[in-house]
Amino acid sequence: MLYGRNIYKKVEKIHIDSVGLSKGNGVIILGGGLVKNSILIVDDLTFNRKQIKAVLKDMQQIEFYDAEDGFQAIKEVEDNDIDLIILDLMMPGKDGFDVLRELKADAKYKDIPIIVYSGMDNIDSVNQALELGAYDYFSKPLTMEQIQFVVPVKVKNALDSYVQRKALLRMHEKMKLELMLANVLQQTLIATSKKGPLADMYGKYLSCDEIGGNFYECVQFEDNVWFIMADVSSHGVAAAMIASMIKVDFTNSIKYLSCPAEVLRHMNDTFYSMMQGDYSFTAVVGKRQGNVLAFANAGHSHPMVYTHETDHVHVLYSKDKPVGLVEKAEYSSHKIIVSTEDIIFLYTDGLFNTREQYDMEMNYQDLSGCFMNYKHIIQENPEEFFNVVLRLFAGIADEKVIDDVSLMLIKVH
């Protein structure tokens, strides 16, 4: 349960209620139980309040609240969970217009539907109330048609609309919490640093949504250092699930396959058989064995290697088809000599997606120049190097990006 402990260090409390919705006759069913709808009737005359309650007597599971003026109305709204307000416009002190203005200006209460009513000869007041945000209206004195049909239907429509809105908001909050938990899990599964006898790895991942489709990993297996950086062609939940599948497939395949090209061919066969070309991902897979770095590129941004002896950055130009795009894709392995203190740098194309001129060749030249200029920072603070690169190329502020961005450094021992 190591991952669970890590997650709950970051998320102290996540409470997700299961929500079920069934509405009708003014009743909402949440989590299997009946919940009454609360209606606040605001009128300075007791007779009028009693008459409206009598009109609505056939509606099921209704709980009524009374208010004699605008001041009491505001207090009732603050103290109770009100689903509908039936509001007389003409009252002494704080009238219906003042109540409307105050509630519609408050984010906590602005969505509560308010049905206003006034005398038949005061239609201008009704129009003013509707402009202030009233949901509907009726006139008084009540006619038989209003008593039997108009008022009950208006109340039912207002309640149904608000109940549905509250349920959707509740479901939205549930989804946000689930996505936040998924994000924490994803961040926990992607290491920001690993140190080993053959190499040290440092990484940074920024998602444009709550969860994203980038993945990177560095594994020291037997006497070899394997690494991968992948970028799924979509975002959100589906991309995150595919990224998790990439992790499993990669860590399994390197146990019995000997070179990066074979790993990519295997992954392509696996993902194409499952996705049939609907989803794909770019990836760079590398293997460092002794002083030889072998790598294969499936449509991904070109990695870079800084060689300490020559004090030079090499852009590893090579690119085959993305994984999962076509059946039986072929991939080629390439090699470069590396030694102690060399640095391998990988990144996703989200790093460049905010630049005004999306000229990839210029981006690679600029990035390799940045790599040279700031390589001294890598030795002392890899995280600060990532921040420099993100500021210069992604132009981010407060770690907000328009596309998923991943960065990984591997320092060879």
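Welcome to a protein with 11 helices and 19 strands, where helices (H or I, at least four residues) and strands (E, at least two) are DSSP runs numbered from the N terminus. The model is predicted, so to speak of local features pLDDT must be at least 70 and for side-chain atom pairs 80 or more, while totals for chains, interfaces and linings use all residues. Residues are numbered from 1 along each chain as its sequence is written, and side-chain values use heavy atoms, with hydrogens and water left out.

**The whole chain**

Begin with everything selected. Of the 413 residues, 47% count as buried; buried means under 20% relative accessible area, exposed over 50%, and partly exposed in between (1.4 Å probe, protein chains only). Among contacts with a separation of 6 or more, 68% are between residues 24 or more positions apart, a contact being heavy atoms within 4.5 Å.

**Stop 1: Val42**

Select Val42, in strand S4 (residues 37-42). At 0% relative accessibility, Val42 is buried. Leaving aside residues up to four places away in sequence, Val42 touches Ala67, Asp69, Ala73, Ile85, Ile86, Leu87, Asp88, Met91 and Tyr117.

**Stop 2: helix H2**

Move on to residues 46-55, helix H2, and show the side chains of the buried residues Asn48, Arg49, Ile52 and Val55. These four cover an arc of only 125° around the axis, which puts them on the same side of H2; the arc is that of the directions from the helix axis to the C-beta atoms. Turn to the other side of H2 to find Phe47 and Lys50, which are exposed.

**Stop 3: helices H4 and H5**

Two packed helices are described by the angle between their axes and the distance between the axes. Select H4 (residues 96-104) together with H5 (residues 123-131): they pack at an angle of about 10°, with axes 10 Å apart. Axes are lines fitted to C-alpha atoms, for helices over the stretch in contact, and angles run from 0 to 180 degrees between N-to-C directions.

Where do the two helices meet? Phe97, Leu100 and Arg101 in H4 contact Ser125, Gln128 and Ala129 in H5.

Stay on H5 and colour Ser125, Val126 and Ala129, which are buried. Seen down the axis of H5, the buried residues fall within an arc of 100°, so they line one face of the helix. They pack against H4, strand S7 (114-119) and S8. The face turned away from this buried side carries the exposed residues Asp124 and Glu131. Just after H5, look at Gly133, with a positive phi of about 115°.

**Stop 4: backbone details**

Next, select Lys140 and Pro141, which are joined by a cis peptide bond with omega about 0°. Pro141 is in the loop between strand S8 (136-140) and helix H6 (144-189).

Two residues other than glycine with positive phi come next. Glu222, with phi near 55°, lies in the loop between strand S11 (214-221) and strand S12 (224-232). Glu222 is exposed, with a relative accessible area of 63%. Asp311 has phi near 50° and sits in the loop between strand S15 (304-307) and strand S16 (312-315). With a relative accessible area of 37%, Asp311 is partly exposed.

**Stop 5: the aromatic cluster**

For the last stop, select Tyr306, Tyr317, Phe345, Tyr347, Phe352, Tyr364, Phe371, Phe385, Phe386 and Phe393, which ring pairs link into a cluster. Rings of Phe, Tyr and Trp (its six-membered ring) pair if their centres lie within 6.5 Å; planes under 30 degrees apart count as stacked, over 60 as edge-to-face and the rest as tilted. By this rule the count comes to 12 aromatic pairs.

Zoom in on Tyr347 and Phe352, an edge-to-face pair with 5.9 Å centre to centre and 70° between the planes. Tyr347 is buried, at 1% relative accessible area, and Phe352 is buried at 0%. Phe352 also pairs with Tyr364: the ring centres are 6.1 Å apart and the planes are at 80°, so this pair is edge-to-face. Phe352 lies in the loop between strand S18 (343-347) and helix H9 (360-373) and Tyr364 in helix H9, so the pair ties together parts that are 12 residues apart in sequence. Tyr364 is buried, with a relative accessible area of 2%.
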